[in-house]
Amino acid sequence: MSVTLSPRALMSLLVNGPKAVDVLETALALGLLDALEPGPVRLDALADRFGVRPLRLYKFLDCLESLGCVTRHESGDDIAGASYRAVPGLRDAVLAVVGPDAIERDRDRYPWRLLHGRLAESLRGEVGMSDDDFAWPPKTDAQTADFERSMAAGLGPVIETVRRHADRLWADRRRLLDVGGGDGTLAAHVLDTAPALRADVFNLPAVAPLVAATRADRGHPDRLGFVGGDFLAGPLPTGYDAMAFVRVLHDWPNDVARRLVEQAYAALEPGGLLLIAEEFRTPDRLAVQFFWSYFLIGVDSCVSRLREVEFYTGLLAEVGFTRVAVLPGGWELVTAYKPG
């Protein structure tokens, strides 16, 4: 949904944000997006199909067009003959944002309202999140479990890209260590596509029950394991020919990110693969991450730094990894190998 707007037009859309969400939710619920995406489809045909008034639908479609969601072709004075087509992928995008399982719904449960209307005070350090509101790193078992469940909800783009490149990633790999691997959701998806692989999640001990639940739910009783530990407190476990940092490194300052990559290099077997998946700094990723950028204004302990992909490719080469590559997908993956 790429559209170039003047600053004034963009401000109009932003201030009318709740109304725009209402339009998107209605278009999704009616099934209008399913009809528009194959397009082009005439307005009169849409009106008949959904039992709505053509003139009202015309204005509703103007709202969608203003958001960059549809393109319109109109000739003459008869609006009934106007034809519309949704931008490719629109339905899936709207479903991901306002659908019943939308990641935004999960994010909205965080206490961002503590900052709303008080951002200037927060920027000065007068207002912020307490450990009861959001602790980083999590300090109790309950906080850890809550955080990991939330992170698992946002793994869709990573899972899609890992599946897309499964043959390239896991050929000849025997053991994967998913460092900071949450509740094991990603590792379980990896195992679905790599029957010869065993995966262990390395995470704080409090996460062990969550991984056990994922192991039971996903049907990998003998291949999905757990190793308890703290990657900030000591070296990484050895004996693995593949390791992954997925949505881990961006939470830490540059020196910590470097140290973790160096630890991975030291722990990996010769010829081992290191995979990094982050929300690299692009206009799209900054937009998708707007909530966290806003919310974490009130949290000093979490860096949450979106970096350009070149930071990671350069760091890997500096540490000694070779064959550094960026694999395309919903989220790009950076891969690199320890010399054999």
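Which residue in β3 is the bridge partner of R42? That residue is S83.

Before going on, this is a predicted model, in which local features need pLDDT of at least 70 and side-chain atom pairs count only at pLDDT 80 or more, while totals for chains, interfaces and linings use all residues. Residues are numbered from 1 along each chain as its sequence is written, and side-chain values use heavy atoms, with hydrogens and water left out.

Back to the strands. β1 and β3 (residues 83-86) are antiparallel and joined by two bridges. Strands count as paired if DSSP finds at least two bridges between them. The open sheet here has three strands in the order β1-β3-β2, with antiparallel pairing. Its edge strands are β1 and β2 (70-73), each pairing on one side only. Helix α5 (residues 54-66) lies across β2 and β3, at about 125° to β2. Such angles run from 0 to 180 degrees between N-to-C directions, with axes fitted to C-alpha atoms, for helices over the stretch in contact; contact means heavy atoms within 4.5 Å.

Next, the backbone. Most residues other than glycine have a negative phi, and most peptide bonds are trans. The bond from G39 to P40 is cis, with omega near -5°, and P40 sits in the loop between α3 (32-36) and β1 (41-42). W136 and P137 are also joined by a cis peptide bond, with omega about -10°; P137 is in the loop between α8 (119-123) and α9. D172 is not a glycine, yet has a positive phi of about 70°. D172 belongs to the loop between α11 (166-170) and β4 (175-179).

Now the other sheet. Seven strands form an open sheet in the order β6-β5-β4-β7-β8-β10-β9, with mixed pairing. At its edges are β6 (224-228) and β9 (322-327), each pairing on one side only. Neighbouring strands are turned by 20° against each other on average, direction ignored. Helix α17 (residues 309-319) packs on this sheet and touches β8 (273-277), β9 and β10, with its direction at about 165° to that of β9. β9 pairs with β10 (residues 333-337) over four bridges, in the antiparallel sense; A325 has T335 in β10 as its bridge partner.

On a 1 Å grid over the protein atoms alone, a cavity is a set of points where a 1.4 Å probe fits but cannot get out; a pocket is an open set with protein on both sides within 12 Å along at least five of seven lines, and lining residues have an atom within 4 Å of a point. Points are joined across faces, edges and corners, and a volume is the space filled by probe spheres set on them.

The second largest pocket has a volume of about 460 Å³. It is lined by 28 residues, and the closest to its centre are W136, F147, E148, G180 and N203. The largest share of that lining, five residues, comes from α9.

The structure holds three cavities of 30 Å³ or more, and the largest cavity has a volume of about 120 Å³. Of its 13 lining residues, M151, H250, D251, W292 and S304 are the closest to the centre.
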